[in-house]
Amino acid sequence: MKKIFRLFMLAATGFVLGACTPDAPELPEMTLSAEDLVMGEAYTITQDAKDPNTIYLTSLIKGVTPLWEYPGGRSQKPEVKLQIAFKGQYTFKFGVLTPGGYVYAEPYVLDLTTDNFAYVEDELWTCLSGGRGNSKTWVLDIDAEGNTTYFKGPKWFFSNGYTWDALHKADGSCYLDMSDYAAAGYIECIAPYIVDGASAWYWAADWAGNQWMCGAADYGTITFDLIDGANCTVVDANGNETKGSYILDLNTHEIALTDVVLLNPDNLTANPTTLRLIALDEYRMQIAAVPDPPYTAPDDPSMIVYNFVTKEYFDNPPAPEAPKEPELPNGWKDIVGQITQTAIKWTLSEQNPLDWCTLAGAPMNGWKSPSDYPDWLGTPDATTYGGFSLTMDSSTNAYVAVAPDGTEIGGNYTLDEKGIYRFDNGLPSFPIVGWASFATTADNELRIMSIGTTAGGSISDMWVGAKDPAKDEYMAYHLIANVGSNGAAEESGYDASIYFTNSSWWPSGNGPKVKISGDGTYTCEFTVEQQVTDAMVFTVDIAGLRKAYPASGALVKAVRCDGKEIAFDAAKVAYGDLEGNGNLRLELANAFGPTAGDPAVSAVDFSQKIEVEFEVKFQAYEAQIMLTNTGWWPGYSGSTQAGILGVGKHKIALDEMSDAITAPMVFCIDLLSYPHAETAQCGILSIKVNGEEATVKADKLVYGDLEEKGNLRWELFNVYGETKGASTDSTMDYSDSVIDGSEFTNVTSLEFLVSIDSE
């Protein structure tokens, strides 16, 4: 059975539980007598005018502590609201604490003549009793032979700070994945470490390894029903049967038993003050017994949790499933091999470096960004682990790992058919976030959980995990591949710098070089010693990045003059290998480039320095040109190896056309797997045919997720699309297309400048 063990947040009903009457061996003279506690004068018990099953208990005596005893519980509050589902006669007792002890009025019997079954229709009541008109029998998770089922034992141990609310997040979801909760055996880091401001713990003890907790025995049954009332029947290990009633408090998530004692292996003859419902589903239940008085230090062994399963479940437990394993895609070794033919550097993701995975390799939390990480773990900070790298060379099976502090570990590795890496000299261990650290298993192993690829099929990232020695889970790490066109990455990085000149050609030159070593956000600057008020050329070039990483991309995040951000039009920034020299250029202004006459910045004014902050991805989104001649030959369709990261102008070229295009039939550009494909605003700015500017009818452009495949398409002409005019398969009508057909008579090279104007 893989049904998740659910914890239910419940609607309030207002039942209040109190303490038992304390012993008082020596009592001073009483100041009140039973005769003083008159109904209507000392207290009232009234029914709601609209709903007689809602009953209000009110003490009218000021300055004393009241004690109410009512069906299913007790309370010392001056006002109590009860909601009783079933009709019948119910007895209430009212008392007060005097200097001489407790004094009680004569019992008051209320004849309730109506039912209100809405009070017992909550899912919690149904799980516990089977629902109205039904019953359900529960047993402790052990028998006389020492057999156990789900919980592996009848008792677990919690620090007293744990309540229903402490086990749930603010949005109502539970900190615990209950499917793994019992299977783990020992719990230490799923729920928050802090409860009520102090450290907390809980121990999911298995009976086989901790037989001191109790003997192996059939301890009996406890049956809850909703048949003409909320009734409870307990049959102990000796066959003795007692009957009583119960009430669930859907506000405090507590359960009160009257005239019966919770089934337990500890020979308790009376219930503890508080019975907390910790967890419940159709087949499994946990009830915590809180001592009286409760411990104040949450790290004391203050609370026993009794583990129940239904008798049906215990007698017919589901057959255990074989442990699952990660399922890697077909040809995964070839995919990995593509990027490990030479030494490739892997780094930890700056967005989501760490998670936990199930045995099947599925993320247990699914965090995508630093803000997703919970308070009990902390927020990842890439400066903590950013210096880590792991370089593997599949041609020699050699590896070099560099810790964040610069320490190096080298050796040889193997990769088996299950996707398990083994590093003969191990890997460094270091903190990633909070108390969670990067580490291999004791056998120096990491197993591939999943593999991510680009649209072109190259690997982009992978999750690797270290199997927990006690739990059925992996601590998993998100590795990013730094891969070039030939599979090689340069350890030293790529030089980025600003080139700047104003209209007078002075000041002019390059700013200091910044090393681009992987995905991330960087800042370049250009300093001056005079006032500058315009920009004729203002670019950032990352030397050699497009040559090594044809799918690399960049996105300008901010422009600052003398430390203050200035406005820029993101849609007017041009990106790409704009000069054909293998560099990745970010062009904000250039009187001789794509931004001539229409720069992304217009108000440049600084006297000290100008800065550009930008994001870089070595594997950005890939653009694909679809160009097919009449008659479907020749045809071109494939990656242009142009990386596009987001809003801006982008150069896309197709310059290796072995056969000339004479009459395009399908002519589109697709940005593959672009997350804003449905909402992006786009443009087509220029087209060069065989190096010459061609006519562009920009108003005819059709764009968007036109095929509903998650790709952003620029449709220039398509006989099967919206730009077809009166075309047939043999006759082309370009009147509704972006292009002029007369300019496509012998096309051997194409170059486009497209724009993404907004997301």
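These legends accompany several close-up views of one predicted protein chain.

The model is predicted, so to speak of local features a pLDDT of at least 70 is needed, side-chain atom pairs count only at pLDDT 80 or more, and totals for chains, interfaces and linings use all residues. Residues are numbered from 1 along each chain as its sequence is written, and side-chain values use heavy atoms, with hydrogens and water left out.

**View 1. The whole chain, as a starting point.** Welcome to the overview: the chain carries 6 helices and 50 strands. Helices (H or I, at least four residues) and strands (E, at least two) are DSSP runs, numbered from the N terminus. Of the 759 residues, 51% are buried, where buried means under 20% relative accessible area, exposed means over 50%, and partly exposed is in between (1.4 Å probe, protein chains only). Among contacts with a separation of 6 or more, 66% join residues 24 or more positions apart; a contact means heavy atoms within 4.5 Å. The accessible surface is about 33,400 Å², and carbon and sulfur atoms hold 48% of that. Accessible areas come from the Shrake-Rupley method with a 1.4 Å probe, and for residues only the protein chains shown count as cover.

**View 2. The largest pocket and its lining.** Here you can look into a pocket with a volume of about 1,300 Å³. Its lining has 47 residues, and Ser-349, Gln-351, Ile-480, Asp-519 and Lys-617 lie nearest the centre. Elements that give two or more residues to this lining include helix H5 (382-385), strand E21 (344-348), strand E31 (474-482) and strand E41 (609-617). By class, the lining has 19 nonpolar, 18 polar and 10 charged residues. Ala, Val, Leu, Ile, Met, Phe, Trp, Tyr, Cys and Pro count as nonpolar, Asp, Glu, Lys and Arg as charged, and the others, Gly among them, as polar. On a 1 Å grid over the protein atoms alone, a pocket is an open set of points where a 1.4 Å probe fits, with protein on both sides within 12 Å along at least five of seven lines; lining residues have an atom within 4 Å of a point. Grid points are joined across faces, edges and corners, and the volume is the space filled by probe spheres set on the points.

**View 3. Phe-224 in the largest nonpolar core.** This core has 58 residues, of which Phe-92, Phe-224, Tyr-246 and Phe-308 touch the most other members. A nonpolar core is a set of buried Ala, Val, Leu, Ile, Met, Phe, Trp, Tyr and Cys residues joined through side-chain atoms within 4.5 Å.

View 4. Val-309 belongs to strand E20 (residues 303-310) and is buried, with a relative accessible area of 0%. Its C-alpha atom is 6.2 Å from that of Met-285, a residue 24 positions apart along the chain. Beyond four places in sequence, Val-309 touches residues including Trp-138, Asp-141, Phe-151 and Arg-284. Arg-276 sits in strand E18 and also counts as buried, at 14% relative accessibility. Its contacts beyond four places in sequence include Tyr-162, Glu-254, Gln-286 and Val-290. The C-alpha atoms of Arg-276 and Val-290 are separated by 7.4 Å.

View 5. Tyr-494 lies in strand E32, where it is buried at 3% relative accessibility. The C-alpha atoms of Tyr-494 and Ile-516 are 4.9 Å apart, although 22 residues separate them along the chain. Tyr-494 is also in contact with Val-514, Leu-545 and Phe-618, among others. In the loop between strand E32 (494-501) and strand E33 (508-510) you will find Pro-507, and the peptide bond to Pro-507 from Trp-506 is cis, with omega near 0°.

**View 6. Two asparagines with positive phi.** Most residues other than glycine have a negative phi, and most peptide bonds are trans. Asn-267, in the loop between strand E17 (254-258) and strand E18 (274-280), has a positive phi of about 60° and is exposed, with a relative accessible area of 71%. Asn-397 also has a positive phi of about 60°; it lies in the loop between strand E23 (389-393) and strand E24 (398-402) and is partly exposed at 31%.
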